[in-house]
Amino acid sequence: MNEITIKTPDDWHLHFRDGDILAETVAATARCFDRAIVMPNLAPPVRNAADAEAYKERILAARPEGSNFEPLMTLYLTDRTTAEDINEAAKAGIKAVKLYPAGATTNSDAAVTNIDGLADVFAALEANNMLLLVHGEVTDSHIDIFDREKEFIDQRMGPITQKYPTLKIVFEHITTKDAAEFVLAAGGNIGATITPQHLMLNRNDLLVGGIRPHNYCLPVLKRNIHQQALRDVVASGSDKFFLGTDSAPHEQAKKETACGCAGCYSAWAAIELYTQVFDELGALNKLEGFASLHGPKFYGLPENSGTITLLKESWTLPESITLPNGRPIIPFMAGSEVQWKLKS
Ligand code: DOR
Ligand code: ZN
């Protein structure tokens, strides 16, 4: 197959950041996605409906001429989030909130230190049919970073799903066989997003032959058996799994430094790279479900009406991109050849 047309996809997990960088990040996503779930981990974070509405306006203002791209806003849970905040968010049309365990990742210091204290918030989410989006890693210093997702499943995901049996939960950017198996075995109210980097790479791609800061993200890449499990699950076509790039831009200087930031800026080639993976798996017939159908179904939103076409035609990702502030950023897979190309 040298050409594939699918319903226009959505990105169910990404980071646009804020300020002048929006001109770059929003355009890169709007080139092929109609909607995106926008992560709220700004500094300060998006904590309530008013913050989300103001941020949404800034994103809309950054859309390229003629774009109908729709940002889907989320709130950032803290220890002080109330059921009232959730009710207000529901009234404002906000579909989801994000749970970061405090300290788990970029701009998560203000996030949740006591998940048990959120019982009223979880009940309000369930009552309002809003989704809980979870960064599923424990942060205990004695837990090895490669085990933090598995530990979160055992300590947290199991109990939460039992206590709130109808709460819709997205286990974001899963990275392990354990998470894939947990989601497969769970009820229809539990889904997961998967990034291009966790399908394409494993921890050797981070550490063998030198540290590769542009492959560093959180949750960190795992060993190859986990990568293989994620590839198997997307190739299976299960509707519990859908596209979420976790495109997460950090300037080059913040990645290539003694203490580099986590995140892969994948928006420049995400849909093309996912297509390449599905092609390698002999599962191009499952791409549309993953990219364009399973997400809207899980969120209870309509499918997009348009289509995009990808051609099997190789092109090379730029080595570097210049941000609106004049500083460079290195895109995910910079300088690599990509086998599929979006037909413009
Ligand atoms: O790699 C990551 N980058 N993982 C996250 O959870 C957050 C993200 C970011 O905001 O940079
Ligand atoms: Zn993320």
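On a 1 Å grid over the protein atoms alone, a cavity is a set of points where a 1.4 Å probe fits but cannot get out, and its lining residues have an atom within 4 Å of a point. Grid points are joined across faces, edges and corners, and the volume is the space filled by probe spheres set on the points. The model here is predicted, so to speak of local features takes a pLDDT of at least 70 and side-chain atom pairs need 80 or more, while totals for chains, interfaces and linings use all residues. Residues are numbered from 1 along each chain as its sequence is written, and side-chain values use heavy atoms, with hydrogens and water left out.

That rule turns up 2 cavities of 30 Å³ or more.

As for packing, a nonpolar core is a set of buried (under 20% relative accessible area, 1.4 Å probe, protein chains only) Ala, Val, Leu, Ile, Met, Phe, Trp, Tyr and Cys residues joined through side-chain atoms within 4.5 Å. The largest has 91 residues, and Leu77, Phe122 and Leu132 touch the most other members. Beyond its neighbours within four places in sequence, Leu77 is in contact (heavy atoms within 4.5 Å) with residues including Ile86, Val97, Phe122 and Leu132. A second, separate core has 15 residues, among them Leu131, Leu133 and Phe242.

Terms used
Chains lettered and ligands numbered in written order. Buried < 20%, exposed > 50% of the residue type's maximum accessible area, 1.4 Å probe, protein only. 1 Å grid on protein atoms, 1.4 Å probe; cavity = no way out; pocket = protein on both sides within 12 Å on 5 of 7 lines; lining within 4 Å.
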